[in-house]
Amino acid sequence: GRLFLRLCCLPPPPVPVEPRDAYDDNPPVMGKDPLNWVRRMFGDRFEQAVRDRVMLDIGCGLGDQVLGAVQAGSRSAVGIEVTDLHVRVATARAVELGIQDRVRFTTDPVSTLGAGWADVVLSQNSFEHFADPPEILAQAYAALKPGGQFFITFGPSWWHPYGAHHFF
């Protein structure tokens with residue numbers, strides 16, 4: 001195994017790579033259909049689940065699914081993201097769309113938001129980024145109301161040369 005790693009894998013960078021600060025001047029444009037990805041994964045079940053309900057997105061990135069859920073009829077939505085820069089971009093997008101009163105983006109841990117308040121939890125390919133996935137999963141389930149729905153996908157972390165992302 002060590003020989004394979006030495007011959008076939010590059011060493012991690014000495015300093016973790018941070019997102020480009022260029023987002024402040026030129027943020028990526030949100031797609032015309034921000035729910036395209038969840039629609040491909042879950043069909044129309046996701047949109048039906050969020051309609052007139054409260055949604056939580058763990059690892060929301062730039063907030064596309066959060067904003068898309070509100071546009072699709074979600075009462076409100078919260079997006080949690082570890083990167084301040086992504087939270088700022090997502091918040092600015094909400095203001096541009098005029099839905100800032102129905103969305104919240106934060107870097108706060110799931111556990112600080114309380115228990116039993118979300119009707120729907122979404123986590124799209126985020127768990128390979130978490131240091132303690134079982135703990136995040138427990139917090140996500142705690143945030144769900146009884147009978148709530150959890151939509152989750154797992155990214156192929158084995159494609160990343162160092163296993164879990166962000167843990168160099």
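Author: A residue counts as buried when its relative accessible area is under 20%, as exposed when over 50%, and as partly exposed in between. The model shown here is a predicted one.

Reader: With those cut-offs in mind, is R93 buried or exposed?
Author: The relative accessibility of R93 is 8%, and the cut-off for a buried residue is under 20%. R93 therefore counts as buried.

Reader: Which residue does R93 meet in a salt bridge, and which parts does that pair tie together?
Author: The partner of R93 is D64, with 2.4 Å from N to O. Because R93 lies in helix α5 (residues 84–97) and D64 in helix α4 (residues 64–71), the pair ties together parts that are 29 residues apart in sequence. D64 itself is partly exposed, at a relative accessible area of 22%. The partner is thus D64, and the parts tied together are α4 and α5.

Reader: How are α4 and α5 oriented where they pack, and which residues make the contact?
Author: The two helices pack at an angle of about 25°, with their axes 10 Å apart, and that makes α4 roughly parallel to α5. The crossing of α4 and α5 is right-handed. The contact is made, on the side of α5, by A90, R93, A94 and L97, and on the side of α4 by D64, L67 and Q71.

Reader: How many salt bridges does the structure hold, and which residues are linked in a network of them?
Author: The structure holds five salt bridges. One of them joins D33 to R39, whose closest N and O atoms are 2.5 Å apart; D33 is partly exposed at 35% relative accessibility, and R39 is likewise partly exposed, at 30%. Another is formed by the side chains of R104 and D108, at 3.2 Å from N to O. The total is five, and the network links D33, R39 and E47.

Reader: Where on helix α6 do its buried residues fall, and which strands do they pack against?
Author: In helix α6 (residues 133–143), the buried residues are I136, Q139, A140 and A143. Seen down the axis of α6, these residues fall within an arc of 100°, so they line one face of the helix. As a general point, an α-helix has 3.6 residues a turn, so residues three or four places apart point the same way. The buried residues of α6 pack against β1 (54–58), β4 (118–124) and β5 (144–153).

Notes:
Residues are numbered from 1 along each chain as its sequence is written. This is a predicted model: local features need pLDDT of at least 70, side-chain atom pairs count only at pLDDT 80 or more; totals for chains, interfaces and linings use all residues. Side-chain values use heavy atoms; hydrogens and water are left out. A salt bridge is a side-chain nitrogen of Lys or Arg within 4 Å of a carboxyl oxygen of Asp or Glu. Buried means under 20% relative accessible area, exposed over 50%, partly exposed in between (1.4 Å probe, protein chains only). Helices (H or I, at least four residues) and strands (E, at least two) are DSSP runs, numbered from the N terminus. The arc is that of the directions from the helix axis to the C-beta atoms. Contact means heavy atoms within 4.5 Å. Axes are lines fitted to C-alpha atoms, for helices over the stretch in contact, and angles run from 0 to 180 degrees between N-to-C directions. Angles under 35 degrees count as roughly parallel, over 145 as roughly antiparallel, 65 to 115 as roughly perpendicular and the rest as oblique. A crossing is left-handed if the near helix is turned anticlockwise from the far one by less than a right angle, and right-handed if clockwise.
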